[in-house]
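Me: I am new to this structure and would like to go through a few parts of it. Could we begin with a single residue and its surroundings?

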Amino acid sequence: MKKLKYLCFKRRNRLFVRGSRGFGIHSPFVFNLITGVFKDKSKYYAFDEMLEVQHNFNKRELKYSKLIYRLANHLKINSIYGNNISCSNELKLLSKLHSNIIIKDILSVEDCPEFLLLGKKDFDLYIKIKTDLINVFKEKGVTIVIKDMYKYDRLFAIWSQLKDECIVSIDLFHLGILFFNKKLQKGNYTANI
């Protein structure tokens, strides 16, 4: 049943999603993300190093890991939270972003990171986010990336509820990106990459 539901979401995404090239998107921030970050084909030095350890990646994971790297580079982040079990490949790549980057494995109200990378092992973290950290996210303008949100029912529930709380959400089917930056115009977007 879960596989059927996942396949239905996948089919809906392929048939009805617009905005793969940025046309029809009226938010300048999201248009810039789609055209300048998602569709960027530039080579980064970290990609060559990543290809050396590519045996951990399949083709889709490689594509989305590169996208996460380009997004973090575009946003000029300094601190990241990620679970080393569900997001280890992406964290290895993001650690090469620049030498001063801080990768955290514990979330706290006092020391909140700018970028969160959530995967299938982060179900329990959602309760902490919903109760303690949601107001801190809104104050600090945190960006959250959720991997494989349509594959797991609990992650889809997290995605659905946080999508209502955030300012901008971008659904890429295999990745969900949530921005809590108050300077942005509120909107929910779906795009293909």
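Reply: Leaving aside neighbours within four places in sequence, Phe47 is in contact (heavy atoms within 4.5 Å) with Ser42, Lys66, Tyr69 and Arg70. This is a predicted model: local features need pLDDT of at least 70, side-chain atom pairs count only at pLDDT 80 or more, and totals for chains, interfaces and linings use all residues. Residues are numbered from 1 along each chain as its sequence is written, and side-chain values use heavy atoms, with hydrogens and water left out.

Me: Where is the place of Phe47?

Reply: Phe47 lies in helix H3, residues 45–52; helices (H or I, at least four residues) and strands (E, at least two) are DSSP runs, numbered from the N terminus.

Me: Is Phe47 buried or exposed?

Reply: Phe47 is buried, with a relative accessible area of 4%. Buried means under 20% relative accessible area, exposed over 50%, and partly exposed in between (1.4 Å probe, protein chains only).

Me: How many Å separate the C-alpha atoms of Phe47 and Tyr69?

Reply: They are separated by 9.2 Å, with the two residues 22 apart along the chain.

Me: New topic. Which residues of H6 are buried?

Reply: Leu125, Tyr126, Ile129, Leu133, Ile134, Val136 and Phe137 are buried in H6. These buried residues pack against strands S1 (79–82), S3 (115–118) and S4 (143–147), and against helix H7 (153–165).

Me: And what comes just after H6?

Reply: Gly141 follows, with a positive phi of about 70°.

Me: Lastly, where is Asp148 found, and what does Asp148 touch?

Reply: Asp148 sits in the loop between S4 and H7. Not counting residues up to four places away in sequence, Asp148 touches Arg60, Leu155 and His174.
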